Amino acid sequence: MDGTSDSCFEVVTMERSGAEQPSASSERRGVGEAKNGDPAEKPLLSEATGAVQSEEGCEQQASLEQSARKEQEQSSLAQWELPSEGLGNQEVIGDNEQDVFEPDAPFSASSESTSPVTNKNYSTLLELRNSEREEQTSQNSVLSESTASGRVTGSMIEDDETLRSTRANFDETIQSEELRLDQEHSPGKAVQQDYHMPDVITVRVQTDSDSFQDVVVKIERPTYHKPFLGGFKNRITGVEFHNAGSQTIPKTRPDKGIQLFCRETQTVFEKNKPQQTKNTTSTQMTKIGLYVSNMTDKLVSPGKYLTAEEYHKRRLEAVIVLQTYFRRWHAINIVQNLREEKRLRLAWEAQEELRRKKEKEEKLRREHERRLNPKTKEDFELLYHALELWKQEETERINRTLTGAERKAAFCGLLEQEAQLIASIGRHKLNADEENQQKATLRFLAKCAQPKRWKAYDGKITEMDTQYTLRARELFEIYRSISMNDIPKDERIDVLLTLRRTVKEHECKLTWEIVELIDREVDLMSREVKECNLEGLRKRICTLFLQYIKTPKFNPEVARILKVPPDPLKLYKNVNFCHSCENYLPSTEFPVPANSRTIGRCRLCCKLDNEARQREAFLKHKLILENLRKSEADYQDDAKIVFLVQHQDLQYMIENIWGCQSALSACSDLYELVMVRWDKQREWSPWNTILLTKDEADAHLRLCNLQEAYEAAFIHRIKHKHIRAKNYFAQIPAMASFLHRSDNQANANEFLIATPIPTGTKT
């Protein structure tokens, strides 16, 4: 009974200690040999769970298991000896045998069937397996003895408990013990049980014949589900081998911003549409033996036959009717559009006329204001020019209406009135000069007190005050306070005391004098002296304090704005003598017209002569020259002649050549006239210009071909004026070079226009 128990449990141990799935061939052989014995003693189960057998069956079962074990060892040894022949016993795994493959699941297989064994280690492997078999036999003997005594893992076996459940517990215990023994005796075997790859591994690489290097390798986890690519299955051992793809991450396609693959372009949509097939029908008529009712029949009579000519004639008449109505509708739209354009044009013209009228009224109002309160040099020029016009009108009236002694008396009265008006203009001029000088002083001091400014990269203006600008601002506030006249007595005394403390910071002759004058004014104000008697003293204080402010030692910021006097030695080379005032002045003080050959008189003498004799106003001519220079600067073609011409030269051109009127509309208002280029492709010059109004100038500059836009007589008249301007400015040496250059350019342009270069023709 002991031997029988040992053999039975030994079979169980061998069946559970192999691979996870026993080979199919060993199962078939074991079952076949069992069948050759007593038919009444067949094994109930062929797997590790086995059934209860009789004692005779256990003896036969032990012999059968021993023979099966020998055959299995021979087949496995043959497989290790010839690893290339093992592939012949493998079968390809298709998609039908295994539907799902998880790449992340741990791959486990039998260590005996998957570990590569070479011929060199074959003898060592046999010794290990013999020692292993002996240990298993001794262990099974101990287990069988414990089973015979009725104890399984420390507990008694009840009468109703089957041997099958008891042997199942033994199977698990034996399997774990055998796995531990395999790891102890064969450490080289790769027993994998739920193995997970770490994130970082170390690989030893042989770099030389006797040197190795450890390389740290980072494992990249797959971020996608690997597809099943098929594989192989060993028919003997039942081990499956799966095909593996590359371990690199698949390259993602760049996003182009558009959808390249969609269902609409890759799927055919089918559409079912019923269709009626032809069906032959017949008509039933009344005949012998059949009556068909005609109550629902309709009588159809043929109409008038219409020929092709009549049909087309009818269509033509219909088309004519349609065209008639369409043309009527189109004509109505055209008339409405023309009426709307006319209304807009009239409204625009009325608006422009109103604008011109307002501008003219504003201009007259400004001129009247400038004559009543003249403040600038141009205002006094207009005033003297108006005086001259009034004198000419009165002289003409006296000569026309009076004779003899009355005429002489009228001229004497006219002369006295003219003298009184000139004296009045002189008084206005003195007051204006004083006011302008005060304004210029305040502007100068305000400029010194301005903070430093610069523009940042974002366009914002940054301001910064320095100690010098703060000092200049303090002095500016004090000067503006002491320059005020109508202030209370207490405030005046506070301002004077503040000024006294400010100038006492520096000890010099100027500050002593200012302090003395301040003390004198305070003393006089305490004695109730009238304000009119203190005006001279206050002016002296303002003048000395202004001199104090303009000293860089007391106000360092003023050194940046003061004009540095030039070196007297350098003035000797650029000094001219004025024969009128008999003074030596720099060349900048002499106005030199383009047609002058000598220096002549200085600016001050020319101004006095104009006020005393001619009394001409150059304001309008200066405005025309200023507008002309601005328009030429906008062309950005390096114009030079326009900046050489002075207002005297422009006055000669307007008055003597163009007659002070527009070349097209004969408008004589100089405020409305401008000078522009005759040919806009060439630089402006006195022989390439035309005098027009502002609106006419805008229309002229938009023309592309002057010969087509203007008549030949008008072009001839303009060319004649250009010739007169050439003859006048040809006397000027500075203009001679520009004149010859413009002539060459004009001749080249005329040659290109008159005789174009012929292109090649085919012969």
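The structure is a predicted model. The protein has a mean pLDDT of 74, and 67% of its residues reach 70 or more.

**Confidence along the chain**

- Among the elements of the protein, the highest mean pLDDT, 93, belongs to helix α9, which covers residues 308-372.
- The lowest mean pLDDT among the elements, 37, is that of helix α1, formed by residues 2-17.
- The pLDDT is below 50 over residues 76-123, yet the model gives this stretch 70 contacts beyond near neighbours in sequence.
- Residues 185-192 also have a pLDDT under 50, and the model shows 13 contacts for them beyond four places in sequence.

- Glu 632 lies in helix α18, which spans residues 619-635.
- Glu 632 counts as buried because its relative accessibility is 2%, and the term buried applies under 20%.
- Apart from neighbours within four places in sequence, Glu 632 is in contact with Asp 637, Ala 639, Val 642, Arg 677 and Trp 684.

**A nonpolar patch on the surface**

- Four valines, Val 203, Val 205, Val 215 and Val 217, form a nonpolar patch on the surface.
- Together, these residues have about 230 Å² of accessible area.
- Strands β4 (200-206) and β5 (212-218) are the elements that each give two or more residues to this patch.
- Val 215, one of the patch residues, is located in strand β5.
- Val 215 has a relative accessible area of 33%, so this residue is partly exposed; that class lies between the cut-offs of 20% and 50%.

Methods: Residues numbered from 1 in each chain as written. Predicted model: local features only at pLDDT ≥ 70, side-chain atom pairs only at ≥ 80, totals over all residues. Heavy atoms only, no water. pLDDT = per-residue confidence, 0-100. Helix = DSSP H or I, 4+ residues; strand = E, 2+ residues; numbered from the N terminus. Contact = heavy atoms within 4.5 Å. Buried < 20%, exposed > 50% of the residue type's maximum accessible area, 1.4 Å probe, protein only. Patch = residues over 30% accessible without salt bridge, like charges linked within 9 Å, V, L, I, M, F, W, Y side chains within 5 Å. Areas by Shrake-Rupley, 256 points an atom, 1.4 Å probe, with all protein chains shown as cover. Salt bridge = Lys/Arg side-chain N within 4 Å of Asp/Glu carboxyl O.
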